[in-house]
Amino acid sequence: MMANVLHITVLLSVMVLGLLIPPVQSTCSVDVSQRTNVTFGTEEEYSAPGYPENYLPNENCVHLFVAETGYKIRFEFEEFHVENREDSECRYDYVEFYDGDSTSDRHLGRYCGHKIPPPVLSTGRELMVLFVSDNSIEPGSFKAEVESVAEDYLEPYHLGQCGGLLHADQGEFTSPGYPYGYEANEYCVYFITSETRDTIQLHFTSFDLEVHHSCQYDFVKVLDGNDLQNSPVLGKFCGGEDNRPPRIIESSGSMMIVIFHSDVSIHYEGFYAKFAINQIGFPDIPPASSLPNSVAVPVCDLSRAIITDRGGVIVSHELYPESLYPNGAECITVIVGSRLSDKVYLAFEEFDLQTTEEYSGNCDSDTGDYVEIFDGNLNIFNPSVLGKLCGEQIDRFTASLYMQIKFVTDNIQSQENRGFKAVFTVFYVDAHGCEIGDFQCRNSRCIADYLVCDGHNHCGDNTDEDTGCGTDIEEPEEPWPDSSYDYSHHDYHGGPSKVDIGLIVGICIAIGAITMATVCLIIIKVCSQPTSNNLAETRLTNLQTVSGNDMSGGRRTITIGHDNPLYMGANEQAPPIPPKYSDIVTLPTPTPQQNDPIQPISGATAAYFQPHGAEAPAITSTAPPLEEKEPIDDAIEEAARPVTFTHPLPQIGGIHMRGGGHLPPIGDAPPHTESQLPPLRHAPTSDLSSSGLPPIRAPPSRLPPLSDQPPAYRD
């Protein structure tokens, strides 16, 4: 209990002291006021603050070195110990370089760790150096020499550095960080020259950059000459199917420039290249007509550490199986597909590594030599482990696009163990057919055509070797499990899975159901159409024949009937036609009385007007004479005359009214004039009801509306 209290007290004291004591400040300037002019022929020393003691935390130092006109700066470390945490990518403590006087100039590199970086060379007079440390305390320091060199000076190349001078008849160079991957914003220039006048040949043994159809992101550019601005371009390459470098690139003279550029985004493994004058050439590489799988690749061959072929063989060492594999080795080989849908398949055919006495079937770090397989599709710098093999274990693995093979041996030399041999295949899956030139396996894998009948099972189901090749590859009696592969995938062992078969059956059933439904709808549509209008072929029953006048005045006989929905057959009798309303109800026939209103005149509605000069026919009225009254004025007297007229009507707008006598002027009759005729519109309903007649409906008027002007007659 007391120990816990003491521990808490110490922690609180440390926290209080941390609040009271200010953080350690940088001992160097944060601007470019620290400027050193470097003259030719002299060397300046640059070191970490506090050297040779450890540098302090929270340092932020900026130093600018300036050379004389016509010269440039060369910076080389002699000691280098800077904090480097795992997977940090120099994010904590580091030394950084810029090719100019500001951070907006070209970035020349950032370094940390305990390995001495390569020399840094500016392209102009100025070189900016930054040193940064975080707030943690880590032991470390560094020391460097700075000198001024001629403007045309080229740094002798060291394998793995970014650019340099390669002055020899043959040699090799790589991208920075190969084979573990290059950094962002790399710009490396390799000058290749020879003392003879022979041309220079260039051959890439490994090549893996970010692919783009026009190589706009990461690329390698080869120039024919020694002029960065004006030398002809021999090619620009970034990998993939269309932009791979050719087998041999040759200059026209004794000088060649190779430029490597990377952008800010994706990082790949890089390249390994060899050069030689044409008198030496490359006699060991396979001829152009040979297939990529004709030569086995040793896993410890650095020049073939990145494999972009679509299939081949990997062995533990160069002289497998005659000689012994090396001890104390740690080798890495990476197999990379060229498209996003590619997968990498690796099957070990032979495996025999040395184990220790502690070996009990599990591959631990103290059980001897081993091989470890990684899938780096998601993160090539931190790939996931697919499996680990040791002793005499045999297995096979499948990775997505990127597979890494790591071979580790201890310091004890093997006396009888032969090593291993494995077959690799880059494939894609397409159940509907492969691209032209590819071979389709029974399990829907698509492989390169040159892998067929090469004596190795590249398909995984032996399709490529049992198609009449004459090669008998013995398959295991039981399915050989792939420790890393999803067995539910339909490209494993024998074709489509149950899921694919069920999907195909379901689609077929759906198509059949839609077809049947369409046929049924068509039949229903046809059956629901009305039949012929011939009454003899319809279901009209109780036919009757009716004769009458048509519109032209002629006689016409028609047959009528009604559609009986209960009539189902030709021999069945349909019920009779329902009776008419007039057959059930009999209306009384009206008899004219003495005081009845005037009945409509027969034929009076045929015509109301006739041409001018035509004699109007006489109209005989059965109405009683109107009762004479004392005339009020001429208009009333005219209106009070009897209905029967004996004199011709006066002309009204060129038209004679039928009948005789004189009509009162239209519109002149006063509204209070009493007429001997009973007003039809005001006839009492009781009088009409008592007469036994049906209600009188006024016929529609055909006369034009009355106005002050008589209507004009139209011929």
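This is a predicted model: local features need pLDDT of at least 70, side-chain atom pairs count only at pLDDT 80 or more; totals for chains, interfaces and linings use all residues.
1. Overall make-up. The protein has 715 residues, of which 36% count as buried, and its secondary structure comes to five helices and 32 strands.

2. An open sheet. Four strands are arranged in the order S2-S9-S4-S7, with antiparallel pairing, and the sheet they form is open. Its edges are strand S2 (43–47) and strand S7 (120–121), each of which pairs on one side only. Within this sheet, strand S4 (residues 71–81) and strand S9 (residues 141–150) are joined in the antiparallel sense over ten bridges, and Lys72 can be found opposite Val149 in S9.

3. The disulfide of Cys162 and Cys188. A disulfide is a covalent bond between the sulfur atoms of two cysteines. The count for this protein comes to six disulfides, and one of them joins Cys162 to Cys188, with the sulfur atoms 1.8 Å apart. Because Cys162 lies in the loop between S9 and strand S10 (164–167) while Cys188 lies in strand S12 (residues 187–193), the pair ties together parts that are 26 residues apart in sequence. The torsion about the S-S bond is about -105°, so this disulfide is left-handed. Cys162 is partly exposed, at 33% relative accessibility, whereas Cys188 is buried, at 0%.

4. The disulfide of Cys215 and Cys238. Here the distance from S to S is 2.2 Å. Cys215 sits in the loop between strand S13 (200–208) and strand S14 (219–223), and Cys238 in the loop between strand S15 (233–237) and strand S16 (249–250), so the link ties together parts that are 23 residues apart in sequence. The link is left-handed, with -75° about the S-S bond. Cys215 is buried, with a relative accessibility of 3%, and Cys238 is buried as well, at 0%.

5. The disulfide of Cys441 and Cys459. The S to S distance in this pair is 1.9 Å, and the link is left-handed, with -70° about the S-S bond. Cys441 belongs to the loop between strand S29 (438–440) and strand S30 (445–448), and Cys459 to the loop between S30 and helix H2 (498–527), so placed that the pair links distant parts of the chain, 18 residues apart. Cys441 is buried, with a relative accessible area of 5%, and Cys459 is buried at 0%.

Key: Residues are numbered from 1 along each chain as its sequence is written. Side-chain values use heavy atoms; hydrogens and water are left out. Helices (H or I, at least four residues) and strands (E, at least two) are DSSP runs, numbered from the N terminus. Buried means under 20% relative accessible area, exposed over 50%, partly exposed in between (1.4 Å probe, protein chains only). Two strands pair if DSSP finds at least two bridges between them. A disulfide is a pair of cysteine sulfur atoms within 2.5 Å.
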